[in-house]
Amino acid sequence: MFDFLSGYDLLGAFWVTVQLTLLAAVGSLVWGTLLAAMRVGPVPLMRGFGTAYVNIVRNVPLTVIILFTSLGLNQTLNIKLGAENFDTINFRLAVLGLIAYTSAFVCEAIRSGINTVPVGQAEAARALGLSFTQVLTLVVLPQAFRSVVGPLTNVLIALTKNTTVAAAIGVAEAALLMKKMIENEAELLLISAVFAFGFVVLTLPTGLILGWVGKKVAVKR
Amino acid sequence: MKLRKVTAASAVVLALAVSATACGSNDKDPGSSGGGKKIAIGIKFDQPGLGQKTPQGYSGFDVDVAKYVAKKLGYNEDQIEWKESKSADRETMLQRGDVQFIAATYSITPEREKKVDFAGPYLLAHQDVLLRADDDSIKSPADLNNKKLCSVTGSTSAQNVKDKLAPKANLQQYPTYSACLTGLQNKAIDALTTDDSILAGYASQAQFKGKFKLGGFKMTNENYGIGVKKGSDLKAKINKALEDMVADGSWDKAVKANFGPANYQNEPAPKIGDIKS
Amino acid sequence: MSSSVLYDAQGPRAKRRNVVYTVVFVLALAALLWWVYRSLSDKGQLDWEKWKPFFSGSEAWTTYILPGLKNTLIAAAVSMLIALPLGAVFGIARLSDHVWVRVPAAVVVEFFRAIPVLILMIFGNALFSQYTSVSSDDRPLYAVVTGLVLYNASVLAEIVRAGILALPKGQTEAAQAIGLRKTQTMTSILLPQAVTAMLPAIVSQLVVIVKDTALGGAILTFPELLAAVSPMSSYYGANTIASFTIVALIFVVLNFSLTSFASWLERRLRRGKKSTGAVLAPAAVGGPGSAGPAA
């Protein structure tokens, strides 16, 4: 029944999907946190930059961003991200595009988390004489992160699904393989079911596990 | 009360969206319902010289051939409904009867002949590469090894180079050729490969005068045919029309008009049914 | 000035330090922008020739961009109009007292939320082409709408559910006390209030839908705004960068207006709420990509 799968590297394609997801997740967590710090920080220009970045990136389709990394960064500005082979370059560009896009949502999630930390926490920290960076990194962010595990999980799940957009610049991940298989094989419903199942397998446990983690680490108030 | 106002405002927005949609579908109806005598023809929309959508309508060699054939079949220009047929969609569109025939850089191949019928050929093209005018490092197909090569996703020309001519070429694929041109201009790409007829169309655009050149490698023979549904009686009629087109000089005129500026050395008009492999 | 609780009111030293940060940041940003500008102009991407089509004459707009934009808006509007009632049905079904209604609804909603829209669109396209007689003109639109509806109806179902759950319990209790049936409670008490509370979240979801239509252009052959770039840039001499920039700007303006409208709605509703209770913030509802990062 599943002989239509032979000759296709299904696991390989999903492995690329997983790699894209993990690399982009780490990258956007870092860049998103920095953006959030800029948006709540004391330097007006950085606040403006953070706000502008989030508002622009959130409103552009990811497809446009991904295509732009390839046509703009690579083909026009000659950025190769340390690789010579186009397969590698495109993979790295896709990760970069996903980070640029996802970090806007990470930033907003973290900012909402910062808002849930009681005012007294920051006030007490300031009363101790801590600087802005110290208040943020030692007192506020650790508590904020605990309360945004839920929203960040949703961002992570969305990111997993968004990796399919990398197909637009020819990264050999799941969606590209699915399109190729549908063009060559007859079993439309089975092929779709296999890929749907693959994504359910990737996203459902993520949601369940991180949901449990979120409850576990939540600050009881 | 305020709540109600907001609700009303949102209702207005939704209503606007609905009416916009309604207008949209109204615009479309006369065309797609196709009452009266119409003929739907598949062409490319983004290949200058062959099939290009322009503000003035459609232009290119494929378009001229399609117009001539349609005329012989009894359709005036204003009875033609042009449809975009991307490379990957062509067989499906014919099989499903979405278009009566397709003239869209459609090479006759044994695999495709299993699914559709071909009239023609009406043009003999060759796979070639487009290079920067000042780039002298690529003199034969073998020189493409270790060079950055661009083509469109899923095209046979890219696979051909990788499999046979230059296995070590570094291949980038985009959905469209114009994306490749950006890279070629900026030296992110060294060569763009596809049929020389298509490449000539790009090279001859006013914006690119003197910037690009054709390699002249003639790596394959591409016999452009007009695709029709399997078993369709249109095939014989179109073949007759194509013969007329060559005989009365319209073929030469169309070639001059579309490929002339490109300095493209086209092959003479092929004989109907003479498929060069 | 220091309205933030995260840092103290700034004294002279802090102000000096902030000036230093600002200067360093400006310099870094300016250096980056300058480098991008120089590279682009070296590569001839800023030549007037490449940008001229968009600023002199309306040809480029009427031939390529506006028809594309029209298709984007049609696909988004149709998807929203179908997904909204469907989402409401599933959202309410998930709140049902009957297990045989609640569980299947939950399974359907969770299933479609877990699958990428692109996969749903590719599936829709193949489905319409193999099993129906929809013409090739309409097929991409149908495929895009199918994908968007399946996904967004599930997200909207969650928004509806959250909207109803966010209402004070007293509303249901009062309705029961005066003897309304479950259906009556839902249709005449809960839904009308929930709908107003959900409006901002629904408008935000529209942004997600508008962005997702671009998937249809890049992977399927739906002639929407992003797909207009291909014939446009081939006609104007491969002005790919210019075309992409213009199209991206249109998306930003369109979606930014929608986002601003959503937050205006939210503010209005928050200010206006006297009796009923909750307002769902655009990003308040969980769920992958609801108002959040879908493609």
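Which domains does the domain assignment of chain B give? The legends below start there and refer to a predicted model.

**View 1. Domains 1 and 2 of chain B.** The assignment gives domain 1 as residues 39-123 + 224-262. Domain 2 covers residues 127-214. Taken over C-alpha atoms, the centres of domain 1 of chain B and domain 2 of chain B are separated by 25 Å.

**View 2. Contact between the two domains of chain B.** Domain 1 of chain B contributes 12 residues. They are in contact with 13 residues of domain 2 of chain B. On the domain 1 side that touches domain 2, seven residues are nonpolar, four are polar and one is charged.

**View 3. Packing of helix α2 against helix α4 in chain A.** Helix α2 of chain A spans residues 44-58, and helix α4 of chain A spans residues 86-116. Their axes lie 9 Å apart, at an angle of about 120°. The crossing of α2(A) and α4(A) is left-handed.

**View 4. Residues at the contact of α2(A) and α4(A).** From α2(A) come A:Gly50, A:Tyr53, A:Val54, A:Val57 and A:Arg58. From α4(A) come A:Ala100, A:Tyr101, A:Ala104, A:Cys107 and A:Glu108. By class, this contact has seven nonpolar, one polar and two charged residues.

**View 5. Domains 1 and 2 of chain C.** Domain 1 of chain C runs over residues 1-43, and domain 2 of chain C over residues 49-272. The C-alpha centres of these two domains of chain C lie 38 Å apart.

Notes:
Residues are numbered from 1 along each chain as its sequence is written. Chains are lettered from A and ligands numbered from 1 in the order in which they are written. This is a predicted model: local features need pLDDT of at least 70, side-chain atom pairs count only at pLDDT 80 or more; totals for chains, interfaces and linings use all residues. Domain bounds come from an automatic or database domain assignment. Two residues are in contact if their C-beta atoms, placed from the backbone, lie within 7 Å. Ala, Val, Leu, Ile, Met, Phe, Trp, Tyr, Cys and Pro count as nonpolar, Asp, Glu, Lys and Arg as charged, and the others, Gly among them, as polar. Axes are lines fitted to C-alpha atoms, for helices over the stretch in contact, and angles run from 0 to 180 degrees between N-to-C directions. Helices (H or I, at least four residues) and strands (E, at least two) are DSSP runs, numbered from the N terminus. A crossing is left-handed if the near helix is turned anticlockwise from the far one by less than a right angle, and right-handed if clockwise.
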